[in-house]
Amino acid sequence: MSTTHGSTNVHDRAQHALADDFLRQAVHFTTDRLRYKKQAVTGEFGNWEAWRERGRQIRQHTIANLDYYLDLFTRNLEAHGAHVHFAATADDAIHALREIATAQNAKRIVKSKSMVTEEIHVNHHLEEMGIHVVETDLGEYIVQLSGETPSHIIIPAIHKNREQIRDLFEAAGGERLTTETRDLAAFARRTLRRAYLAADIGITGCNFGIAETGSIALFTNEGNADLVMNMPKTHIVFMGMERILPTMEDLEVFAHLLPKSATGQNVITYMSVITGPRRQHEADGARDMHVIILDNGRSRQLGDPDFQAVLHCIRCGACLNVCPVYRQIGGHAYGSVYPGPIGAVLSPLLNNGEQYQDLPYASSLCGACYEACPVKIPLHDMLVRERQRFVASGRVKPAERAAFQAFRQLFGKAGRYQTTIRIARRLQFPIAHDGYIRAKIGPLAGWTMSRDFPVLPKRTFRELWPELTRKGNGRG
Ligand code: SF4
C-alpha cells in the first residue's frame, strides 16, 4: 500500500497510515531497534545527562551569538577559496543553484542526503532545468525511485520492505535481482558508481559548519558524501543557517551526541571535515566549492523566547523514534518535509503559521521527545505554545471554541464540576457495557475507536476521601 496520501488534513493522512499494517509494523520494528540501541550505547557511555547538558549549552551559546559565528564561518570559508551564498528564501537558494549549474553547464548531479535540500525541493528544480540528479544515500535512492519523500529524518525508506526495493531496482536497472541484502546493495553500488563518475556537480548537506576554521563536517554511514564531494569538479553545500558550531572542540561533543542519538552507534562510520576546495598540492577534492546558507524562516525564531531553541536541533531523529504518534503513523502522515515532534514544531514556524497548522495537535504532549533530545529542546512546551498562538489568531473552528468554553464553564468551579459528574453518571448508563463506554457518538466516536473509555465510578475520590481519612485516623 502506498504511504503517501494527498489529503491536506493530518487527521485524514493519519487514518490512511493507520490502515497500512505493513507501514506500522515496519516503523515500530525500526524505531524500537533504534531506541534500544541508543539506550544501550548511552548507558555504556557514562554520564549521558552531562553530555546532553554540554550539547544544550553549546547550541544555546551558538544560536544566541549566531550573527558573530556566521560571520566568522563565512570569512574563514572564503579565505580558503569557497564561494558563500546567503539565501533569505527558498527561491534565493534555488536561484544561486541555477546560476552555478548554468555556469558549469551541468547535465548530471549526484547528491548525498540533506533535509534542507528536501525543504526547498532541490531535485524538482534541477529536473525542471533538465538536469539528471541521482540520490546516493541508499535510503534516499530508494525513495527517489519510488517517487516519494523521506519518511524519517535518518532512515528515509523506513516504510519499504525488501520486495518493494527489489521491484524498484529491477524497474530502474532492467535486470533480475533477488531480495538478498547483498544483491540489492551490489546493484545500488554498481549504479551509483557510474553516477559519481559521470557527475558534473556533487551536492551535499552539512551536519555542522565550524566557525573557527570555516570547515564543513559531514556524517554518513555509507561514505557516499565523500564520493559526492570529491569526484565531481564542483561541490555545492546546502546548509541551514543554524548548523554552526564555534570550534572543533565542540564538534567532538557532537561526534558523540549525534550518532548515539540517531542510530545508537558509538561513532559514525564516516566523519569528513573539509575546509575549502582542492588546493594545488592536494590529490582530491572538488576544484570549485560553493556553500549556500539558507534562512527560509529560521531568522524569525531568533530572539523569540518561545521558539529560538528550535534552532538548536541537530536533526538526529531521536525524537521520532520515541514519539507514540510518529511510531503509529510514520512520517508521510505529517505532510511536511520534517516529520515527528521536531517537524510538528518546525514546519509551522518555517511557514510562518500559514501551513501545517494542524501538526502541533498531532501530539500527546507526553514529553518523550524532550527526554530523547540530545540538546534538550523542550518540544512538548513549544507544541503547547504553537497551539496557544493558533487559538489566539482566531482560526479555531466555532464548534471547537464553543466546546472548550462549555468545558471551562462546567469544570471551572468545584460545585458545577460535582453537579456535572453526578448528572453524567446517570446519563452514561444506556451506553455503558462491562465498565466501558463503547458508543460511537459525536466526538466520543474518535476516542472510543482506539482507546478505552471507562465509565465514571459510582463514587468519586472526593466522595470517598472523608471515609478514607476516618478509617486512616481509626488505625492511627
Ligand atoms: S529535536 Fe532533538 S531529538 Fe529531535 S531531531 Fe532535533 S536534536 Fe534530534
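Which side chains does a polar contact of 2.9 Å join? I looked this up and found Asp250 and Thr247, a polar contact being a pair of N or O atoms within 3.5 Å, where within protein one must be able to donate a hydrogen and the other to accept it, and residues adjacent in sequence count only if both atoms are side-chain atoms.

I note that this is a predicted model, in which local features need pLDDT of at least 70 and side-chain atom pairs count only at pLDDT 80 or more, while totals for chains, interfaces and linings use all residues. Residues are numbered from 1 along each chain as its sequence is written, and side-chain values use heavy atoms, with hydrogens and water left out.

Next I placed Asp250 in helix 12, residues 248–263, helices being DSSP runs of H or I with at least four residues, numbered from the N terminus. I found Asp250 buried (under 20% relative accessible area, 1.4 Å probe, protein chains only) and without a salt bridge (a side-chain nitrogen of Lys or Arg within 4 Å of a carboxyl oxygen of Asp or Glu). The nearest side chain of opposite charge is Arg54, 4.1 Å away. Leaving out residues up to four places away in sequence, I listed Arg54, Ile58 and Leu245 as touching Asp250, with contact meaning heavy atoms within 4.5 Å.

I then turned to the largest nonpolar core, which has 78 residues, and in which Phe208, Ile216, Phe254 and Ile342 have the most contacts (buried Ala, Val, Leu, Ile, Met, Phe, Trp, Tyr and Cys residues joined through side-chain atoms within 4.5 Å). Helix 12 gives the largest share of this core, 7 residues.

Notes:
Helix = DSSP H or I, 4+ residues; strand = E, 2+ residues; numbered from the N terminus. Buried < 20%, exposed > 50% of the residue type's maximum accessible area, 1.4 Å probe, protein only. Lys, Arg positive; Asp, Glu negative; His and termini not counted.
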